[in-house]
Amino acid sequence: MLAILFDGIVQGLQLSLLAVGITLIFGLGGVLNLAHGQFAVFGGVATALLLGTGVHPFLACVGGIASAGVLGLLVDRTLLVPAYRYHGEERLLLGLILTLGLSFIIDGYLNYQLPHFALSLQLAVHSVDIAGVPMRTASLAASGIAILVFGALFAFLRWTLLGKTVRSIIENEVGAELCGIDPARIRTLIVALSAMMAGVAGVVQGLFSSLGTEMGPEFTILGLLVAVVGGVKSINGTLAAGILLGIVNAFASHYIGAYVAFIILLSAAMGTILVRPRGILAGWT
Amino acid sequence: MRLPGTLLRYGDLVLAGIALSLVPLLTGDSPYYLRIATLMLVYMAWTVAFNLLFGHTKQLFLCTGALAGTAAYVAVVLARELGLSPWITIPAGAAAASALGALFSYVSVRRGLGVIFIGIVTLAFSLIFHNLVLGLRQFTNGETGLVTRGLGLPLLEQPLAAYYVFLALLALSVLAYCVLMGLRTGMAFRALSDDELTAELAGIDVTRYKVLAAAVASAILGLLGAFYGFYNGIVSPSVFSFVGVDIPVLIALLLGGMRTRSGPLVGAAAFTLIEEVVRPFGQLNVLVYGILLIVLFVAFRQGVVPMLARRLRPSAA
């Protein structure tokens, strides 16, 4: 029981890590990023390529995550420029198509260039006991990383001036602009940051089992699901949604088969959206 | 005296109809190109339906493939298991799709879901559909799919006859669309796509019209899906996949122009053309496809049809 619960929380943290970038980019830029899973894969691939050159594993991971950030920065400053010229629904639609096109480009290129690619990282110690439950060190490291990233993100948003600026734009873009904030610059920063968090999720997937170039669309869909269950604009909601769905998935796949588990996961997502259409934490945050 | 006037008013559709009925002359005896042209008709009808959903009533259904697939599987499984004629099971499949679509619409209107939330709920349904098809192996034969040859629709096994069957189905779908848009429903759709709250305040029953649009559109999706299943010779999850149906339909609609009558036809034709341009690139086709998608959308942001209309009649825009 406890082991499954732990497992679910660990999976859930990964889902949240993937989804929080989608939440941030949507909140700040009004663009639903359909290439987010591809950012994660890009980060993982860059890490693997760096590892191949003989760099220290830790540095390789940092480099891979940073390169995902650079990709995010480039995308925001080039590809998304036409979308940012519009507002509301038009921006959403154009952003949807542009990022969809981007996801095809990244997927197409990576699958062509590295068809049999797999990133998998091994840790020195395989498992340790916690509260009498044997845990894989990979899971512990993965959740440690996720908790660290989320802690840093919350601290940034709560206590720094820049973080407050970000929240003010999410709250009301025009109002923030009237206070002398330049939304475009903050947006670039956040897109780069979100891409880096996706990169972390990609690398962590490599830590868990293995990461392939074909996993982009799956990541994007899972991330979208979690972000929307969380309410697309709420970061706390995304975290809660990720953990909830992770736990549901862990219990379902332990007690029932894989197909049915996924159906249960999806039904849970559907159900939550229908019960709380504004996000699971709506009204509390 | 009214007939010539009507013909003139629907001039674009008449032209499209004439052009489409002449396509088999162009493809000659090549079954390959005739098959592509037939597929194009299917995508055109699906896009007409999606226009009704997303364009006119702002319901982003990301389950067009799953609805079409539901109808196809219902039709094929009933025909196989009970030995019924496809002429009975296809309408049954379309009715099932229609009921599902209406249900999604009703629930999402009642719960006040925004565009993205409907999108994700229906996307979740798409994924559920695929997992169910894979899981219910005894009926659906899983990944491999079911063979539909010899289930009682020999008409669809002759390429040329099949082309005209699908042309007739497309005409039926466009007719349904035109009737809906021509009646009071069209007025209601226009009002609620501008501003739902205002429409509600003006006394328009928003729930009723949205559900109606979803029911009709899903019936079209299902009808074409079921016929396509029999035409294709096999129904399998990959035939109705998200990437194979939903994304092309979305691209075709946005490329052709949302909320326009001929936009879906133009968009689906353009999409078919792009697919053929991209095919020779082999493994790199996904990449080229992505680039084309971005370039086309930056160039034709509002869709081809509205931009052409503005070129031709600067005053009307």
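Predicted model: local features only at pLDDT ≥ 70, side-chain atom pairs only at ≥ 80, totals over all residues.
Chain B is built from 15 helices and two strands, and 54% of its 317 residues are buried.

**Overall shape**
- A compact globule of 317 residues would have a radius of gyration near 20 Å, and chain B comes in at 19 Å, so the two agree.
- Along the principal axes, the C-alpha atoms of chain B fill a box of roughly 55 × 50 × 50 Å.
- Take the contacts in chain B with a separation of 6 or more: 77% of them are between residues 24 or more positions apart.

**The nonpolar core**
- The largest nonpolar core holds 196 residues.
- Helix H3 of chain B (residues 31–57) supplies the largest share of this core, with 15 residues.
- The residues with the most contacts inside the core include A:Leu32 from chain A, along with B:Leu20, B:Trp46, B:Leu156, B:Phe166 and B:Leu170 from chain B.
- As general background, nonpolar side chains tend to be buried together in soluble globular proteins.

**A look at B:Trp46**
- Which residues does B:Trp46 contact, leaving aside its neighbours within four places in sequence? They are B:Ala68, B:Leu221, B:Leu224, B:Gly225, B:Tyr228, B:Phe240, B:Val245 and B:Val249.

**Surface and charge**
- Chain B exposes about 13900 Å², and 68% of that comes from carbon and sulfur atoms.
- On the charge side, chain B carries 20 positive and 13 negative side chains.
- The centres of those two charge sets sit 7 Å apart.

Terms used
Residues numbered from 1 in each chain as written. Chains lettered and ligands numbered in written order. Heavy atoms only, no water. Core = buried A, V, L, I, M, F, W, Y, C linked by side-chain atoms within 4.5 Å. Buried < 20%, exposed > 50% of the residue type's maximum accessible area, 1.4 Å probe, protein only. Helix = DSSP H or I, 4+ residues; strand = E, 2+ residues; numbered from the N terminus. Contact = heavy atoms within 4.5 Å. Rg over C-alpha atoms; globule rule 2.2 N^0.38 Å. Areas by Shrake-Rupley, 256 points an atom, 1.4 Å probe, with all protein chains shown as cover. Lys, Arg positive; Asp, Glu negative; His and termini not counted. Charge placed at Lys NZ, Arg CZ, Asp CG, Glu CD.
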